[in-house]
Amino acid sequence: MSSVFVGKIPAKGYAMLSKDSKFTPFEFTRHSLGDGDILIEILYSGICHSDIHTAKDEWGGTMYPCVPGHEIAGRVVAVGKNVSKFKIGDYAGVGCMVNSCGECEACLASKEQFCQSGKTVYTYNSTDYFHNNENTYGGYSNNIVVSEKFAIKVPKNAPLDKVAPLLCAGITTYSPLKFSKIKAGDKVGVAGFGGLGMMALKYAVKMGAEVSVFARNDKKKSQALELGATNFYTSTDQNQIKERFNLIISTIPTSYNIGDYIDLLKFGGELAIVGLPPYEIAPSISVIELVHKAGKKVYGSLIGGISETQEMMDFSLENEIYPETILISPLQIDEVYEKLTNGSGEFRYVIDMKA
Ligand code: NDP
Ligand code: ZN
């Protein structure tokens, strides 16, 4: 370990200073490199809709300055003395979490997002219980220090710009497909066809499922069909839609009618909800409606644990499943947020942190 990395590590990023501000260059420090930590030079950072919800305080509780970004891919530039998984020069990824208690039932099962001690530390806008309760800052920056346990191994030949979105969009859609044990021949519906929806489609197709996409308009219909969708619907009208699904994954980030999607499940089918709309417009469903639509399951799904994230990374690279991406410079972040909010966005924007 070089003495350059003793003490707090300076970092430069882009922050929102309030919910209505624009992204502004922001200098801060990362916690010092512990014995089990690695320092990653961030090369690419994906833009997830969760970044927008947080930056604009749509879920409440945003701490400013806020540096979003939890789809991080880069190169290891320093390692603590006890690090065994990485060496300098390796590629590494960081997703939505950077720490947890490591001792509870959930952490021992590598479901760190469900840390029973309530100590999951998210990559940004989160209290770092293990480093003086500092606020965490995300990947729209030049570096990050993280425990090697929370870093994902990425092989040297991987296209890093495409790897970045796997760290959130990838794992968040891979995980429910695994949880619901999707297999060849199953029917899967994907509601909301953006960054997450596009990955859900790709994974489900690879798993041999017959996949249909639900969107608000048919702007992305030809892309869905090219990527392997069997059907593309712009309505949830049961009179128009004759097929029924084993699993529907809802990635919708706005208000919608949850019951419509339950109606489209087969008997015994499952609705996995991953989309997290702003609090003020988040849809809900009455217990009466739920009971009348019984015989099916509705569940929420939150990213995926670290071991499953590594499994997803290996699966994606082995099968060459990568997101549809557009590379941007940090100066375009505001413009991209606007597009993803007004419905004119493409699938996944990735910030080239060197640009
Ligand atoms: P994107 O903005 O990339 O995509 C969202 C898509 O949903 C867009 O294509 C949008 O359509 C579409 N959409 C919006 N409203 C509807 C509707 N009523 N019916 C059908 N489609 C609709 O967002 P992401 O994919 O990055 O994120 C999606 C959601 O998932 C966010 O709320 C995010 O916070 C959440 N999330 C949850 C995670 C978890 O662990 N549970 C992890 C990561 C993200 P259009 O293109 O027309 O605007
Ligand atoms: Zn995300």
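Me: Is Tyr140 buried or exposed?

Reply: This is a predicted model, in which local features need pLDDT of at least 70, side-chain atom pairs count only at pLDDT 80 or more, and totals for chains, interfaces and linings use all residues. Residues are numbered from 1 along each chain as its sequence is written, chains are lettered from A and ligands numbered from 1 in the order written, and side-chain values use heavy atoms, without hydrogens and water. Buried means under 20% relative accessible area, exposed over 50%, and partly exposed in between (1.4 Å probe, protein chains only). Because its relative accessibility is 0%, Tyr140 counts as buried.

Me: How is the aromatic pair of Phe23 and Tyr140 classed?

Reply: Rings of Phe, Tyr and Trp (its six-membered ring) pair if their centres lie within 6.5 Å; planes under 30 degrees apart are stacked, over 60 edge-to-face, and the rest tilted. The centres of Phe23 and Tyr140 are 5.6 Å apart and the planes are at 50°, which makes the pair tilted.

Me: How much of the accessible area of ligand 1 does the protein cover?

Reply: A polar contact is a pair of N or O atoms within 3.5 Å. A nitrogen atom of ligand 1 lies 2.9 Å from a polar backbone atom of Val274. Accessible areas come from the Shrake-Rupley method with a 1.4 Å probe. On its own ligand 1 has 940 Å² of accessible area, and the protein covers 93%.

Me: Over which ring does the charged end of Lys153 sit?

Reply: A charge sits over a ring if NZ of Lys or CZ of Arg is within 6 Å of the ring centre and within 35 degrees of the ring normal. For Lys153 the distance to the centre is 5.0 Å, and the ring is that of Phe86.

Note on methods:
A polar contact is a pair of N or O atoms within 3.5 Å; within protein, one must be able to donate a hydrogen and the other to accept it, and residues adjacent in sequence count only if both atoms are side-chain atoms.
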